[in-house]
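Subject: Structure handover

Hello,

Here is the structure you asked for. Please open it alongside this note; my findings follow below.

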Amino acid sequence: MTKIAVTGFRGVPATWGGIEHHCENLYSRLAERGYDITLYVRSYYTPAEITFYKGMKIKRLPTLNFKYTDALLHTLISVIHILFTNPDIIHIHGIGPCFFSWIPRLFRPNMKVFFTCHGLDWQRKKWPWWASRLIYLGELSAIRFAQHRIVVSRELQTYFDTTYGIKTSYIPNGIKPLASRSPDLIKKWGLSEKSYFLCVGRMVPEKRLEDVIRAYLMKPRESSLVIVGDNAASGDYMDELIQLSENQSSIFFTGYQYGSVLEELFSNTRAFVTASELEGMPITLLEALSYGVMCITSDIGPHQELIQTLPGLTFPVWNTEALSACMDRAESLTDYQLNAFHEKAVAMISEQFSWNAACDAHDRLYQESLSGKLYTQ
């Protein structure tokens, strides 16, 4: 039985965080195939009573839950623990945590080191220059010490190829299709079918939610604006967004939502909106497309990868006037046009973004690495 230790992410059950959803969906499927999976999770994220979850062993370890210490400290403690358990493979998720990829290479040379890049985290605006440089060192460490590198978007694959001249394996995120829900629980916000725009995700500056709010407020709207999520960095950004919304009764900040409520929000929105300037492979956009809802997206590479074959609405990143025009267009779309987009989006997601396909690809890479057949640089 192949033993895999996984670190670099917060934990399970996945609530907020794209990497957390990625790891839960991927490794639970690998566990079903007979892999011995141990997830190294952070003590503040995963409840203490969970020691086994969906066929996976759970190892809770402490960390300092502060912006600059959380991921790196937990990964360091995890990697040290992993040295003693000596699995066949250690898989590190995220650029910053891969700073410690040299440790297993030095002390456990037979252990295979995998790295998955979910985004160029050192570019995120929430980091001061010194923290950004430290995370960037994690990228350099991944290049030097990780033996097998995976990326979740073609844009990331191009980046590693052109910047470092190295080979990576492209394995996109999957998405689990869910049935649409009629509006019920969301009526507490006065929401009904196709009556609102929807934004979902962590509230960090690179999501550019301020652009969405400014674009929405440029003219009177028939639709409300619903923003789902909460602070993922500091309270300042959230405070700025609330102030920018001018206490408009048609703008709702719901906080994090999960399960049936989030499913209802995705199912009944007129259009999903994302103005992000930086993404890896956005799971929230994948979720929106899996429900077949119209999407308004900034023109960054990862968004274009997802919607290039669909008749969605796209605007230049940072351009609030163009975003406002897309909102105008979304409000004018007929049911026939929305249904046509729905059919194409659902078909595309089911064909191209399957967790089972992602599991197949990881299974193949893991076995090739252990057999010595997988090419490394």
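Buried means under 20% relative accessible area, exposed means over 50%, and partly exposed lies in between (1.4 Å probe, protein chains only). This is a predicted model, so local features need pLDDT of at least 70, side-chain atom pairs count only at pLDDT 80 or more, and totals for chains, interfaces and linings use all residues. Residues are numbered from 1 along each chain as its sequence is written, and side-chain values use heavy atoms, with hydrogens and water left out.

Aromatics. The structure holds 11 aromatic pairs (ring centres of Phe, Tyr or Trp, the last by its six-membered ring, within 6.5 Å; planes under 30 degrees apart are stacked, over 60 edge-to-face, the rest tilted). One of them is Tyr159 with Phe160, edge-to-face at 5.3 Å centre to centre and 80° between the planes. Both Tyr159 and Phe160 are buried. Tyr35, Phe114 and Tyr366 form one cluster.

Salt bridges. There are 17 (a side-chain nitrogen of Lys or Arg within 4 Å of a carboxyl oxygen of Asp or Glu). Arg33 pairs with Asp360, with the closest N and O atoms 2.5 Å apart. Arg33 is partly exposed, at 38% relative accessible area. Asp360 is also partly exposed, at 38%. Arg33 forms a salt bridge with Asp363 too, at 3.6 Å between the closest N and O atoms.

Glu263 and Arg181 meet at 2.5 Å, N to O. Glu263 is buried at 17% relative accessibility, whereas Arg181 is partly exposed at 36%. Finally, Arg208, Glu210, Asp211 and Glu277 are linked in a network of salt bridges.

Best wishes
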